[in-house]
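I opened this notebook page to record what I looked up in one model. The entries follow the order in which I worked.

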There are 2 protein chains.
Amino acid sequence: MGTAQQVRGRCTNSVDSYHHTLGSSLPAISSEPGAVTLVNMRFCPYAQRTVLCLNAKKVDYEIINSQLMTKPEWLWELNPLGKVPIMFHNGHTIYESLVTCEYVEDVFPGGKLHSEDPGQRARDRMLVEVFNKVIMPLMRIWFGANKGFTAEDRARQWTESMKSLQLFETELATRGAGGFFSCEAHPGWLDFMIWPWCERIDAFFETYKEPGVKFQKEDFPVLSIWMERMLSDEAVREYLLDTETHSRFMATVAAGSPDYNMLSQS
Amino acid sequence: MGTAQQVRGRCTNSVDSYHHTLGSSLPAISSEPGAVTLVNMRFCPYAQRTVLCLNAKKVDYEIINSQLMTKPEWLWELNPLGKVPIMFHNGHTIYESLVTCEYVEDVFPGGKLHSEDPGQRARDRMLVEVFNKVIMPLMRIWFGANKGFTAEDRARQWTESMKSLQLFETELATRGAGGFFSCEAHPGWLDFMIWPWCERIDAFFETYKEPGVKFQKEDFPVLSIWMERMLSDEAVREYLLDTETHSRFMATVAAGSPDYNMLSQS
């Protein structure tokens with residue numbers, strides 16, 4: 001995506017706070033009624049889904065950042081899957097990105113993210129599952145350096161991902177080119193659930209400088225306009241990082257030691 | 001599980017109908033308002049989730065069975081993921097087991113499967129994701145024959161699965177031993193979502209006769225009582241197969257050619 005300014009939003013501490021690691025103690029989690037705490041990793045696209053939903057609902061929340069390669073012990077204690085996001089609210093500990101987002105939709109007031117129509121709601125949920133076919137090859141590029149991936153390997157994964165992304169180009173054209181997947185004046189469930197990977201779509205070429213991983217706008221005219229529209233959304237802008245920043249992090253992942261604290265002040 | 005009689009239920013044709021394969025034409029799908037058609041595979045535990053929800057809500061539905069190893073071409077056309085279940089209702093085509101179940105919960109009257117409490121609802125959804133840690137090693141046993149799995153490989157997978165199953169033993173003990181995960185007099189969301197794998201829990205030993213894959217009731221006293229209770233539930237009974245039948249199918253999978261039509265009358 002184009003360069004974009006990062007704007008601080010609903011987050012009440014800092015989205016760029018220190019990422020805890022092995023040996024860190026778990027910071028205090030507010031037990032105030034209504035307080036929301038999110039265990040996050042600043043560059044994790046899954047956890048970003050939860051952040052986007054919280055931002056969209058204008059919910060205040062505090063972030064605790066965690067490294068993922070060398071996790072603090074308490075991450076496993078909080079979530080047997082050892083992953084972020086983990087959300088705390090009114091005594092509940094909730095993990096798995098989609099589950100946290102459904103919870104945010106269920107309990108917080110503000111604009112609905114889901115369609116009012118159960119058929120459309122099901123189609124959105126279904127397409128989020130289909131979007132895994134876009135995500136998985138991209139993840140293989142991210143972590144492929146460990147496996148000695150070549151430019152050719154990356155190009156093959158990219159092609160596979162883009163082939164699946166075409167389903168979303170067609171879907172949005174059907175729902176109304178120039179709008180959101182929500183068919184409303186603002187983004188909804190499917191828009192937010194797939195956005196984190198779209199925010200990073202130009203970071204692959206930026207990192208590898210290989211034509212085989214370059215996002216070709218002309219192949220995705222409808223999605224390209226949608227991405228520009230998404231960049232104007234307040235919930236997106238509050239957490240947005242530009243392509244150069246995503247690429248810098250991606251390069252540290254490729255080098256085998258992710259620089260989680262790249263944006264953290266000491 | 002113990003032997004059990006199969007009772008025909010809400011399904012309006014036959015749950016044991018012929019499984020379509022490569023070259024089959026897609027049977028007519030009713031476009032009557034309110035009609036429900038489910039593309040299924042008789043032995044698929046994922047599709048069984050949808051069947052259980054439809055049964056629990058006492059919804060009438062028609063089944064079209066499909067093979068999965070040699071799929072009919074239309075399965076890919078209906079679902080880009082090429083999987084069952086696929087549900088048709090009022091012009092909608094819905095796939096992914098959990099999405100179909102959420103849809104059934106959303107649109108059909110009858111007892112609620114989800115808890116009324118959003119925190120509990122989120123915890124149920126989350127534990128369904130955690131249950132994948134029980135499922136995945138079991139699936140590796142199912143399909144391990146292709147990879148030359150030995151008894152030792154199977155035992156290792158089994159141990160991993162059972163370790164994760166302990167989380168559910170503890171969870172049910174906390175919610176109330178002797179009851180359902182729903183904390184009601186009848187099963188709810190989490191009960192039905194995990195049941196299909198529990199129905200098959202004794203089929204591994206029945207198939208392989210190896211102590212390493214034997215379900216040890218004494219390690220799971222709370223879940224064992226729950227399984228007995230589940231066997232009395234009408235929605236479960238309407239689709240239930242006994243251990244011997246599951247094992248016969250499992251053996252054909254292990255042999256590399258699943259006998260999908262094992263129960264079909266020509």
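**Conventions.** I worked from a predicted model, in which local features need pLDDT of at least 70 and side-chain atom pairs count only at pLDDT 80 or more, while totals for chains, interfaces and linings use all residues. Residues are numbered from 1 along each chain as its sequence is written, and chains are lettered from A and ligands numbered from 1 in the order in which they are written.

**Domains of chain A.** I looked up the division of chain A and found domain 1 (19-107) and domain 2 (118-254); such bounds come from an automatic or database domain assignment. The C-alpha centres of domain 1 and domain 2 of chain A are 23 Å apart. I then listed the contacts (C-beta atoms, placed from the backbone, within 7 Å): 10 residues of domain 1 of chain A meet 12 residues of domain 2 of chain A. On the domain 1 side, helix 1 (residues 45-56) of chain A gives the most, with 8 residues. Helices (H or I, at least four residues) and strands (E, at least two) are DSSP runs, numbered from the N terminus.

**Relation of the chains.** I noted that chain B can be laid on chain A by a turn of 180 degrees and a shift of 0.0 Å along the axis, with an RMSD of 0.0 Å. This is the relation of a two-fold axis. The copies are superposed by least squares on the C-alpha atoms of residues with pLDDT of at least 70 in both. The same surface serves both copies, as 100% of the contact residues of chain B recur in chain A.

**Contact between the chains.** I recorded 21 residues from chain B and 21 residues from chain A in the contact. On the chain B side, strand 5 (92-95), helix 3 (97-107) and helix 4 (118-130) of chain B each give two or more residues. Helix 4 of chain B has the largest share, 8 residues.

**Strand 4 of chain A.** Which residues cover the faces of strand 4 (residues 86-89) of chain A? I found A:I86 and A:F88 on one side and A:M87 and A:H89 on the other, all buried (20 or more other C-beta atoms within 10 Å of the residue's own, C-beta atoms being placed from the backbone). Strand 2 (residues 36-40) of chain A runs antiparallel to strand 4 of chain A, joined by 4 bridges, and A:V36 stands opposite A:H89. Strand 4 of chain A also pairs with strand 5 (residues 92-95) of chain A in the antiparallel sense over 4 bridges; pairing requires at least two DSSP bridges. There A:M87 stands opposite A:I94. In this hairpin, with 2 residues between the strands, A:N90 takes a positive phi near 50 degrees.

Technical notes
Two residues are in contact if their C-beta atoms, placed from the backbone, lie within 7 Å. A residue is buried if 20 or more other C-beta atoms lie within 10 Å of its own, exposed if 12 or fewer, and partly exposed in between; C-beta atoms are placed from the backbone.
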